[in-house]
Amino acid sequence: THFGFETVSEEEKGGKVYQVFESVAKKYDVMNDMMSLGIHRVWKDLLLWKMRPFPGTQLLDVAGGTGDIAFRFLNYVQAQYRGKQKRQLRAQQNLSWEEIARKYQDEEDSLGGSHVMVCDINKEMLKIGKQKASAQGHKAGLAWVLGDAEELPFDDDKFDVYTIAFGIRNVTHIDRALQEAHRVLKPGGRFLCLEFSQVNNPIVSSFQVIPVLGEVIAGDWKSYQYLVESIRRFPCQEEFKEMIEDAGFQKVTYESLTSGIVAIHSGFKL
Ligand code: SAM
């Protein structure tokens, strides 16, 4: 496995990945915005639109880092559930909008039983995520767990949806992570992965500026060199689709976004 300019063994990769995210945790969100010119926000929104969670959805977000997917999920189900409940209440009980707003002040009331479990291997990333959650006022429907995608600390058949955004290329054994995703999903559950992919466009050369930006903003060339290498080495859309099928998922599809800079893969446990 290549790690920046070094070649490291499989055993060493986990430790190196840990060091990278430990060292970038505090600047992770700023770097994401700088490197993608904010487009990562749109990609993450698209992941939620593809998921279309319903009130009551139990989501597991693996490699959830600083909570970007989890917060989007909570906002999405809240907006959807509140809107529906309010319309029903107004129609059935003829309440005023003020009375309805008072009734739905409690965050827990407005999630319709939905819950997101954020699982990440790095406690520094989780720490920043928890700080962001309290700053954004998210308390209900959210839990943080330290855990490895290759050996998830959950029972079988537990979640409706499994997401992993910009996480799977960091995992040492991708096949094991995919098998674990399959194990923890309920029958009928959905796997969704947002990841850098194969670009059919010269724009790819812009990735070469990532380590330079990393050095300037975070003082951390090596971490961002790793990022470039890990993107370059990740399987293309079709190959990754086959890996997902090999783990037992069905109806596997993918959608390339922004000229294939990223792709969203989807599969079902049927
Ligand atoms: N999902 C977040 C996002 O989209 O902004 C964070 C993505 S960040 C690039 C990658 C995350 O994967 C890091 O938080 C890192 O700690 C986590 N990670 C790496 N290897 C992992 C593993 N084996 N199991 C769980 N998380 C892992």
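## Strands and their pairing

Two strands count as a pair if DSSP finds at least two bridges between them. With that in hand, welcome to this predicted model. Strand β8 and strand β9 (residues 262-268) are joined by six bridges and run antiparallel. Within this pair, leucine 257 has valine 262 of β9 standing opposite. As background, strands of a sheet pair through backbone hydrogen bonds, in either a parallel or an antiparallel way.

## The sheet as a whole

Let us step back to the sheet. Seven strands form an open sheet with mixed pairing, in the order β5-β4-β3-β6-β7-β9-β8. The edges are taken by β5 and β8 (250-257); each has a single partner strand, so one side of each is left without a neighbour in the sheet. On average, neighbouring strands are turned by 15° against each other, ignoring direction.

## Helices on the sheet

Helix α3 (residues 39-51) packs on this sheet and touches β6, β7 (185-196), β8 and β9. The direction of α3 makes about 160° with that of β7.

Helix α7 (residues 174-184) packs on the sheet as well, touching β3 (58-62), β6 and β7. Between the direction of α7 and that of β7 the angle is about 145°.

## Around the ligand

Now for the ligand. It is surrounded by 20 residues, and the closest are Ala63, Gly65, Asn122, Ala149 and Ala165. Two elements give two or more residues to this shell: α1 (10-24) and α4 (68-93).

## Annotated positions

An unreviewed UniProt entry carries the annotation "binding site" for Thr66, Asp120, Asp148 and Ala149.

Aspartate 148 sits in the loop between β5 (142-146) and β6 (159-165). Alanine 149 is found in the loop between β5 and β6. Are these residues buried or exposed? Aspartate 148 is partly exposed, because 18 other C-beta atoms lie within 10 Å, and a residue needs 20 or more to be buried. Alanine 149 is buried, because 24 other C-beta atoms lie within 10 Å.

Which residues does alanine 149 contact, leaving aside its neighbours within four places in sequence? They are Val62, Ala63, Ile164, Gly167, Val171, Ala177 and Glu180. Ala63 is also listed among the closest residues to the ligand, as is Ala149.

Methods. Residues numbered from 1 in each chain as written. Predicted model: local features only at pLDDT ≥ 70, side-chain atom pairs only at ≥ 80, totals over all residues. Near = placed C-beta within 6 Å. Helix = DSSP H or I, 4+ residues; strand = E, 2+ residues; numbered from the N terminus. UniProt positions renumbered as here; feature names shortened; annotations may be inferred. Buried ≥ 20, exposed ≤ 12 C-beta atoms within 10 Å, placed from the backbone. Contact = placed C-beta atoms within 7 Å. Axes fitted to C-alpha atoms, helices over the stretch in contact; angles between N-to-C directions.
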